[in-house]
Every structure is written in structure tokens, then in C-alpha cells.
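Please keep the sequence and the model in view while reading.

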Amino acid sequence: MALKNSTSGAIIRDYSIEDLKDAASLMRGYDLVALCAAGSGHAGGTLSIMDITAALYLKVADHDPENPSWPDRDRIIWSTGHKAPSLYLGLAFAGFCPPEDVALLRKLWSPYQGHPHWLKLPGIEVSTGSLGQGLSIGVGIALAGRLDGKNYKTFCLMGDGEQQEGQIWEAAMEAGHYKLDNLIGIVDCNRLQIDGKVSDVMNVDPLDEKYRSFGWEVLRINGHDMTQVVEALEKAKATSGKPTVILAETVKGKGVSFMEDLAGWHGKSPNFEELKKALGELGLLETIPYQKLLDMAKYYQVEVDRQLDAKMPKFKRNYWWNAAENMKVKMEPTRKGFGQSLAENGDDERIVCLGLDISGSITISDFYASKPERKRRWISMGIAEQSATSAAAGLAKEGKLPVLGTYATFAAARNLDQIRTSVCYGNFNVMIAGAHGGVSVGPDGATHQALEDLFARCGLPNMSVVVPCDAVETRKATNYLLLHHQGPKYIRFAREATPVVTDERTPFEFGHANVIRFRGEKTNFAEAFETGLAAEYDNEGEDLTIIACGPMVPEAMRAAWILKADFGYESRVVNLHTLKPIDEAVILLAAKETGVIVTAEEHQIGALAWRVSSVITESTQLYGVPVITGAIGVKDRFGDSGAPWELIKEFEVSAEHIAKKAVELMEVKRAGIGEKQEHLFAGQVR
Ligand SMILES: Cc1ncc(C[n+]2csc(CCOP(=O)(O)OP(=O)(O)O)c2C)c(N)n1
């Protein structure tokens with residue numbers, strides 16, 4: 001069994017236990033270099049799983065780097081997708097790609113995405129990143145192997161926190177039921193997850209008994225003892241009549257003293273000093289050309305920057321955020337406002353917050369951070385979005401005000417049917433936070449970039465949807481939704497720091513949009529604009545309207561500045577923070593009064609654009625009125641790893657793209673249709 005030539009059957013290299021230990025150590029070093037070069041990623045789990053990775057890729061699995069899709073190869077599924085760098089290094093050391101290239105981890109257009117994408121790198125078996133799905137894919141692959149009369153084995157790598165996902169147990173049941181002895185699960189039992197100890201967040205033990213009761217053979221080993229690892233893997237391959245799970249006891253951060261057994265190193269990468277210290281501890285300072293690799297990553301980045309810049313629409317000046325001497329803006333993550341509101345309002349005894357193992361990052365833990373007495377109303381649910389959603393419905397049924405949140409994609413898609421049936425159909429007062437929405441979540445890549453969540457949210461009867469534009473508006477929106485709004489509600493915000501463009505005086509009324517007008521350049525960006533409720537706004541005869549929501553509102557404002565400064569166009573910017581119920585009046589007036597509407601959303605085009613279009617097409621008030629429309633948003637593609645602001649450029653959701661589209665539409669308006677419009681609009685008043 002091993003790395004072999006698929007044509008001749010010859011073993012490419014027969015690794016001894018000592019060789020494997022050396023390889024695992026080197027892989028740890030390359031892993032840390034890649035994480036340092038990326039500036040983000042998961043040190044703890046990639047280190048805990050590295051010995052298993054080396055044993056699997058270099059010794060136990062039958063595969064051939066020269067023939068990655070060899071039909072008889074063993075399949076390896078990396079269900080624990082955030083540990084992608086260890087997978088990449090397993091492939092690299094097996095010869096599928098150069099180990100040096102892994103230093104391009106998490107960079108734009110790189111095959112080494114934040115989470116594995118099988119269409120980007122030969123050798124990756126399936127794309128993962130949403131936890132808990134790999135074992136089910138493994139069941140499918142194992143069943144296919146059986147149907148095809150193949151002898152290959154399917155390995156599935158999982159985390160112990162990941163065991164909290166209910167889907168794992170559906171797959172475990174299926175594998176037991178079908179006695180899939182060609183399926184082998186491996187659990188990296190490092191006892192930690194993001195929010196702390198697995199036993200505290202949501203105990204999964206006794207895993208041995210659980211798997212055994214589902215009809216599995218269970219092997220428990222020390223996941224850092226190479227002999228035990230290899231023996232267990234070989235034994236699992238030879239087991240017949242039932243699937244095998246290997247429960248590998250490991251240490252998170254293994255090999256680096258200051259990372260070992262610390263939850264804080266889950267989603268963290270070493271800085272340069274930490275990297276050198278870690279490589280020193282691993283005895284690799286002289287072995288790994290870390291400076292050369294970091295430089296290589298830097299050069300790659302320079303080229304990315306150059307190509308991105310070449311693609312950006314150009315104007316007379318550089319209008320990018322804080323690039324000029326004036327128009328300075330403060331940046332703050334929108335998610336901060338969510339935590340601030342929970343901290344402020346949390347004394348209300350009805351409020352119950354549900355943790356989904358990403359609590360600090362999305363700020364939901366601010367609910368109890370400085371008020372330990374609220375901890376009794378903090379319910380950790382583990383990584384179990386579906387059950388938590390239905391549990392929230394149960395809490396709401398009994399008069400509580402439940403709040404839950406995680407990455408928007410897991411808070412909106414993973415649990416869609418639970419939201420639909422348990423929450424919306426019952427019209428329960430459940431607040432769901434879709435955090436880290438849009439491409440701007442950055443280097444985690446496509447699996448973590450919710451670009452479709454608002455479609456489903458807006459399509460659900462009874463659901464209200466708010467997408468606030470900055471941290472201040474997020475706080476106000478949360479205040480309202482939490483305590484004053486009855487029924488299911490979804491609030492979506494971003495992870496990256498984005499411009500703060502509102503203040504305490506800026507109105508926020510649920511369901512009622514604001515109009516924002518550029519009044520001339522100022523020292524501070526926000527002061528260059530005047531904002532008021534759309535219902536109180538008097539037509540100023542602007543040339544066009546830009547309707548935006550979320551962090552695209554500041555981009556729309558910047559576009560208004562570009563359009564005025566470079567083209568003399570006056571723009572009516574509409575902050576449509578409430579997507580549902582939609583403020584129809586503001587859209588109809590914009591259509592009638594300006595005749596040109598550009599929508600801007602950090603989402604697949606349509607959550608905002610098609611809702612605005614449907615208001616326009618359904619209104620009898622606009623019969624015969626020509627309206628020129630354009631839409632800015634993601635164009636029917638999945639996301640990518642990259643820095644947040646790079647992705648704003650790559651996915652064409654910047655002010656520059658809005659302004660370019662607006663100019664294009666204005667040319668249409670001015671080319672004649674516009675004159676007719678002006679005639680038509682002349683007789684219409686508010
Ligand atoms: C469905 C889903 N929910 C949430 C996340 C965010 N997330 C990434 S890693 C992680 C913790 C995983 O814990 P564990 O499986 O124990 O991995 P380890 O601690 O070994 O890194 C979470 C919650 C995700 N990727 N997928």
C-alpha cells in the first residue's frame with residue numbers, strides 16, 4: 001500500500017516511520033510559513049492533524065501524483081475544510097504540487113484556496129469548508145465504489161467539534177446500515193474548537209460508543225504516535241463487514257510550544273517573529289527557505305495588485321478610500337454594532353442568545369462579555385445550525401426573544417428549511433444574524449462568502465430583512481429588531497471594517513429608506529453628504545439614482561462623489577437598509593424623478609436588483625414611463641480567496657464600478673430617451 005505508479009504498480013517511495021515523522025515535521029514548518037505569508041488561517045488544527053496527514057498521503061493511501069484521477073486510487077475527503085493547508089502539504093509531499101507553492105495560500109486566483117476546491121488543484125477529492133458534509137460525500141463515494149466493483153477505500157478527515165453537526169450522524173447511520181467497509185472516518189480529537197473546549201461548547205463524547213452503536217468499528221489512538229497512526233490506518237483498510245472510525249487523540253497546535261492546546265490559535269496565523277520562533281522549535285530554521293517563500297508570496301501579491309488595478313475603471317483622480325488629502329473616513333466592522341446592541345439591551349430577561357461556535361468573531365458574545373449574570377441566558381449549541389434554528393423557534397414559542405448568528409452562509413443556507421418551517425411558517429419572533437456576509441469576508445474563500453443568502457431570506461413569507469450600511473446603523477437596526485419587531489427577522493452584516501457614514505442623528509426607521517445627497521468635498525467623507533428620511537425628501541431634479549444596501553451604501557456615496565466631480569452628475573443615493581418590507585415609494589419616486597436607477601449589492605445580482613425591478617415593473621404609476629436600469633453585484637459566480645478590498649475590486653462591487661455603470665446609463669438617457677422622459681416626468685408630482 002502506498003504512493004505508487006498507477007501504470008506499473010511500482011511503489012514510488014516506501015516511507016519508514018522515521019521518514020514519516022521527518023516529513024510531518026517539515027510539513028508543519030511549511031504550513032506555518034504559508035499561514036504567515038497569508039496573514040490568516042488556522043494554525044491550531046493544521047498542526048494537530050499533520051502526523052495523520054503524512055501517514056495517509058505518503059504511506060497508506062494508494063495514489064499516484066502523475067495520475068491524480070486514477071480510477072483505482074483511494075479517495076481522501078477533507079471534511080475539516082479549514083485545515084486545507086495540511087491537505088495541500090500532504091499532496092505536495094506526495095508529489096502532486098511543489099511544497100513551495102503552498103506559500104500562495106489564500107491569495108487571489110491561487111489554487112491554494114482558504115478551503116479546498118477540487119476544481120482548482122488536482123489531487124483534492126472534493127470541495128469542503130462547510131463542516132459536517134464530508135462523511136456524507138464519503139458515503140456516496142463508497143457506495144459508488146461498491147456499485148462499480150472497485151476496491152478503493154474512502155478516507156474522511158473530520159474534527160471533534162465537527163461531530164456536533166447532525167449530518168455526520170445521518171452519514172454514520174447510512175454507513176453502518178450499508179456496512180460500508182470501504183469507508184474510514186478519522187476524527188482529529190484535539191478537544192478544542194473556536195469557542196473553547198468541545199466538552200463545554202457541546203459535548204460529543206463518548207464518540208466511541210456513539211460510532212459503535214451505529215455499527216462502526218472503532219479504533220482509538222494517539223494521533224501523534226506515527227506507528228499507531230500507520231497501524232490504525234492499515235487496520236482500517238483491512239477491516240471487512242463494517243466501516244471504521246479512527247478516533248485520534250491529538251493536541252491542537254502540536255509541535256509549537258506557544259500554540260499547543262490553546263483555543264486562541266484556532267483561526268490565527270503566526271507573524272514573522274512567531275514564525276521564526278516556531279521554526280526554531282521545530283528545528284527547521286536552516287531547512288526551510290522561509291524568507292524566500294515569503295518573498296515569493298509577496299511578488300505574487302504585487303502581480304495580483306497590478307492586474308487588479310489594470311482592470312479597475314479609471315477616473316480623473318484616485319477616489320479610493322482615504323487616498324486623498326480630504327474626504328477621510330473612519331472604518332469599523334459593521335458586526336461591532338450588533339454586539340453593542342446586545343450588550344446594551346441584554347438585561348431584558350426575554351433575550352436568549354444561542355452560540356454557534358463563532359461567537360467572539362460575530363460579536364454575539366458581547367451579550368454577556370461584561371455581564372456574567374447573563375450567562376444563564378447564553379446557550380451554546382455547538383456547530384449545529386439546523387437544530388439551533390428550530391430550538392430558537394421553540395424558545396420564541398414560549399415567549400423568549402432568541403438571537404442566533406454565524407457566518408451568513410451557515411445562518412441562512414445550511415438551515416433554510418428550519419428557518420422556513422420552524423420559524424417563518426410559525427411566524428416566530430426569532431432574530432437571525434447573517435454575519436460575515438458578502439465577498440469582503442476575504443481569504444476564507446467561496447465556501448464562507450454568502451452571496452445568495454438574501455434571495456432565500458426575502459422569499460420567505462413573514463420574514464423581515466435588514467442590511468445595515470455601517471456599524472452605527474447595525475446597532476440601531478439591532479435595537480429595533482430585537483425589542484420592537486414581532487416575527488422572524490434576518491440582519492446581515494460584514495466582517496471587514498467598512499466606512500462609517502452615519503451617526504447618532506442619522507434617521508433609521510425600519511421599512512423606510514434614507515436619501516443621501518453629496519453636497520461637496522469636506523475634510524471628512526461623511527460630512528460631505530446630507531442624509532434624511534426618503535419620505536421627507538424633496539426632489540432636487542438629480543440625474544440618476546443609486547439604490548444600495550449594506551456596505552455598498554458607502555460605495556454608492558463614493559460613486560456619487562466621483563460622478564459629480566468627474567462628470568457633473570447629481571446622484572440621489574438611496575440607502576435601502578430594509579430589503580423586506582421594501583420601501584416602494586422611494587423606488588417609484590426615484591424612477592419617475594430621475595429615470596435612471598443603478599442598484600448596488602454585495603451579493604449575487606438580484607436580491608436587491610430584482611426586488612427594485614419588481615417594484616418598477618408592477619407599479620401602475622410607471623405605465624409608459626421609461627426607466628433605465630443597471631445592476632452592480634456579483635455576476636453568478638462563486639467567491640474566491642483574497643484580501644477583502646481586493647475582492648471588492650475583483651467582483652466589481654466598488655464605487656468605481658457603480659460610477660462606470662451610471663455613466664453608461666446616463667449616456668443612454670442623454671442619447672434621446674432621456675429627453676422623452678423629461679417630457680413625461682414634467683407633469684408628474686409627488
Ligand atoms: C457548517 C459550518 N459552521 C461553522 C463553521 C465555522 N467553523 C470553522 S472551524 C470551526 C470549529 C471546528 O472545530 P473542530 O471540528 O474541532 O476543528 P479543530 O478545532 O480541530 O480545528 C467552525 C465552527 C464552518 N466552517 N462550517
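**Ligand site and backbone**

In this predicted model, a polar side-chain atom of E385 lies 2.6 Å from a nitrogen atom of the ligand. The protein covers 99% of the 590 Å² of accessible area that the ligand has on its own.

The side chain of H82 places an N or O atom 2.7 Å from a ligand oxygen. For K83, the distance from an N or O atom of the side chain to an oxygen atom of the ligand is 2.8 Å.

The shell around the ligand can be taken as a whole. It holds 22 residues, of which H82, N190, L192, K252 and E385 come nearest. Sorted by class, this shell consists of five nonpolar, nine polar and eight charged residues.

The next topic is helix packing. Two packed helices are described by the angle between their axes and the distance between the axes. Helix α5 covers residues 134–147 and helix α6 covers residues 166–177; their axes come within 8 Å and cross at roughly 25°. Angles under 35 degrees count as roughly parallel, and α5 and α6 are therefore roughly parallel to each other. The crossing of these two helices, α5 and α6, is left-handed.

The remaining points concern the backbone. Most residues other than glycine have a negative phi, and most peptide bonds are trans. Against that background, which residues does a cis peptide bond join, with omega about 0°? The residues are D205 and P206. P206 sits in the loop that runs between α7 (198–202) and α8 (207–213).

Another cis peptide bond leads from K580 to P581, and its omega is near 0°. Here P581 belongs to the loop between β18 (578–580) and α21 (584–594).

As for phi, N427 is a residue other than glycine with a positive value, near 55°. N427 is located in the loop between α17 (416–425) and β10 (431–435).

Note on methods
Residues are numbered from 1 along each chain as its sequence is written. This is a predicted model: local features need pLDDT of at least 70, side-chain atom pairs count only at pLDDT 80 or more; totals for chains, interfaces and linings use all residues. Side-chain values use heavy atoms; hydrogens and water are left out. A residue is near a molecule or strand if one of its heavy atoms lies within 4 Å of it. A polar contact is a pair of N or O atoms within 3.5 Å; within protein, one must be able to donate a hydrogen and the other to accept it, and residues adjacent in sequence count only if both atoms are side-chain atoms. Accessible areas come from the Shrake-Rupley method with a 1.4 Å probe; for residues, only the protein chains shown count as cover. Ala, Val, Leu, Ile, Met, Phe, Trp, Tyr, Cys and Pro count as nonpolar, Asp, Glu, Lys and Arg as charged, and the others, Gly among them, as polar. Axes are lines fitted to C-alpha atoms, for helices over the stretch in contact, and angles run from 0 to 180 degrees between N-to-C directions. Helices (H or I, at least four residues) and strands (E, at least two) are DSSP runs, numbered from the N terminus. Angles under 35 degrees count as roughly parallel, over 145 as roughly antiparallel, 65 to 115 as roughly perpendicular and the rest as oblique. A crossing is left-handed if the near helix is turned anticlockwise from the far one by less than a right angle, and right-handed if clockwise.
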